[in-house]
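Thanks for passing this one along.

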Amino acid sequence: MPRPVPIPDEVSKPFWEAANERRLIVQICPPCDLLQFPPESICPQCNSAENLEWSEVSGRGTIDDYVVIHDSRLRLFVEEQPYNVAIIQLEEDPGIQFFSNLPGTPVDEVPVGASVEVIFVEGAAPGQLIPEWRIVH
Amino acid sequence: MAPTPLAPLSLYRERENLGIWEHRGKVAVAGLGCSPTARRWDETPETSVGANTIIAVNKALEDAGISPGAIDGLVVVPHCTGEPWAPRPIPEDFAQAYIPTDDPNDGISSMSADWLVKNMPELSNVTFAMHAPTCMSKAIVVAAQIVGDGEANTVLVVRALNNLSGRYSQWGANALDTAPGRAQWTSPWGWSAAGATYGYLLNKYCRKYGSSHDRMAPFIVNQRRNGLMNPDGFFYQHRPEAITVEDYLAARWLAKPMNLYDADMPIQVSFAYVFTTADRAKDMRQPPVYILNHASNVPKVRSNIQTLDEVEASTDAIARKVFDGSGITANDIDVFNPYDGFTLFTQYYLEGFQWHGVRRGEAHDFWAGDITVEGPHPFSSSGGNTGSGRTRVWLHNDCIQQIRGQAGNRQVNNKAEIAVSGAYTPTDSCWTTWSKYPD
């Protein structure tokens, strides 16, 4: 997949740096005991930035459901159509979602509910690894 | 002119248990106008966003039977949804026809209050102007609150839509090799369209309740049928073609399980309403349609996209807010026009409001029955975006026209005294309760 290369910002920089080390991290607010992804500048529960930290997670999850994109608005993906996009629920907290194209899984043959694990892949240009997910058999 | 402020969040009735709206029945819509529709802009001044908007405003004033000088307020949605014209040079004949503002897109792919005042000098008594984001649904609730609060007495509520040539939404961040800003969380996995979110949610819905995408067909067919009875709509004016069940089932996928007919088709058109106090409306040309309440949901999404639980909780909540602020129950809603663009939204609203007793998981059964305007369950009598083109406005027009008894062939056989309409997504929507009577 010729993936658009993410441009880290001040809030997301640790996430993308960790991805380049093949580690998956999400934000956590320890007093609220709440994980957060995508990252934000404050915790949505206490509305404070004071206690926000990054926490490495297992990289395991399940496939919640999926769609098959046939008419993408993204120029780089038009040539790849049709392609799967699954919603992955994180093992530690199913409320935390990641997108995945499930590399290696045939189009529209997505096993909903299956276990997955994180992998890291290159984007359209080298230099930034992107988290992806593959089915655990 | 000073920059027009964006409506503050304090104007929206977003919290639960606010009780009856303090201006219930004291604000009315007195005029409604819309321009001709077009699939795309042909780049002539006569069919521009600016020209369309002036047409819509004049029609709304004529409908209300008032002069431009009677208007003292503007609530305008400056964002026209389609691709921005800039950085292309402004067409010379457009530049000669209209007075520009600081925004080179103004009158072509955006519509500011400033542009309207500059190019309609007959709006000479405007002392209040405010912008509303994104959607006519938001402009309506802002205008209702503004008139109720006495910030202005007689307000034009304006929404324009533009559509240029080329593939829709394949511009801006979607055309890049990089993923900046919010796109860093979506574009690397090819996730770009809101329709994909609702495709995912429809899959969740169908798994939970044992239904299927194909069972939406009767609703889509009926939406176009209603649209073909809307003389203001795109399909009535330009492509008077019904959709059959077979058409729907054979349509190409956009984001499976969302197909071509689950998405609305972008068009170019402008709309205007005249909002005023109930007292003033009584002296205007049309029978007033009173506003009993406005209510809003603001986005509360835990992670990347809405979950089915969040959508169901949001649509339950908006129904409670509509009932609470209007002093009505689901049984009182004669005309119900929830937003349909994408069609996949609609079942959540129908079940959240429990209109005609439809509970969670029952929407597709309901659509298999008689939902025509002639029948006992005239659901979405406007035909919505599916029936008349992408505007997010037909649903409100229909509520007004049904209550006035001016919906023509779409006029429901049931009584039409209280109507409810709202858009857009389940977690981010604004709703209005319209009524034939102020109390």
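1. Put together, chain A and chain B bury about 3900 Å², of which 52% lies on carbon and sulfur atoms; buried area here is the accessible area (1.4 Å probe) that two parts lose on being put together, summed over both. On the side of chain A, the residues that lose the most area to chain B are A:Arg73, A:Gln97 and A:Phe99, together 22% of what that side buries.

2. A word on conventions: this is a predicted model, where local features need pLDDT of at least 70, side-chain atom pairs count only at pLDDT 80 or more, and totals for chains, interfaces and linings use all residues. Residues are numbered from 1 along each chain as its sequence is written, chains are lettered from A and ligands numbered from 1 in the order in which they are written, and side-chain values use heavy atoms, with hydrogens and water left out.

3. Counting contacts (heavy atoms within 4.5 Å), 47 residues of chain A touch 40 residues of chain B. There are 28 residue pairs in polar contact across this interface, both residues at pLDDT 80 or more; a polar contact is a pair of N or O atoms within 3.5 Å, where within protein one must be able to donate a hydrogen and the other to accept it, and residues adjacent in sequence count only if both atoms are side-chain atoms.

4. Which strand gives the largest share of the side of chain A that touches chain B? That is E7(A), with seven residues. Strands (E, at least two residues) are DSSP runs, numbered from the N terminus.

5. Seven salt bridges are counted between the chains, the criterion being a side-chain nitrogen of Lys or Arg within 4 Å of a carboxyl oxygen of Asp or Glu. One of them joins A:Asp108 and B:Lys256 at 2.4 Å, N to O. A:Asp108 sits in the loop between E7 and strand E8 (115-122) of chain A and has a positive phi of about 65° although it is not a glycine. With 28% relative accessibility, A:Asp108 is partly exposed (buried is under 20% relative accessible area, exposed over 50%, partly exposed in between; 1.4 Å probe, protein chains only).

6. B:Lys256 also stands opposite A:Val68, within E6(B). E5(A) pairs with strand E6 (residues 253-256) of chain B in the antiparallel sense over two bridges; pairing requires at least two DSSP bridges between the strands.

7. Please look at the cis peptide bond from A:Phe37 to A:Pro38, with omega near -5°.

How values were computed: Helix = DSSP H or I, 4+ residues; strand = E, 2+ residues; numbered from the N terminus.
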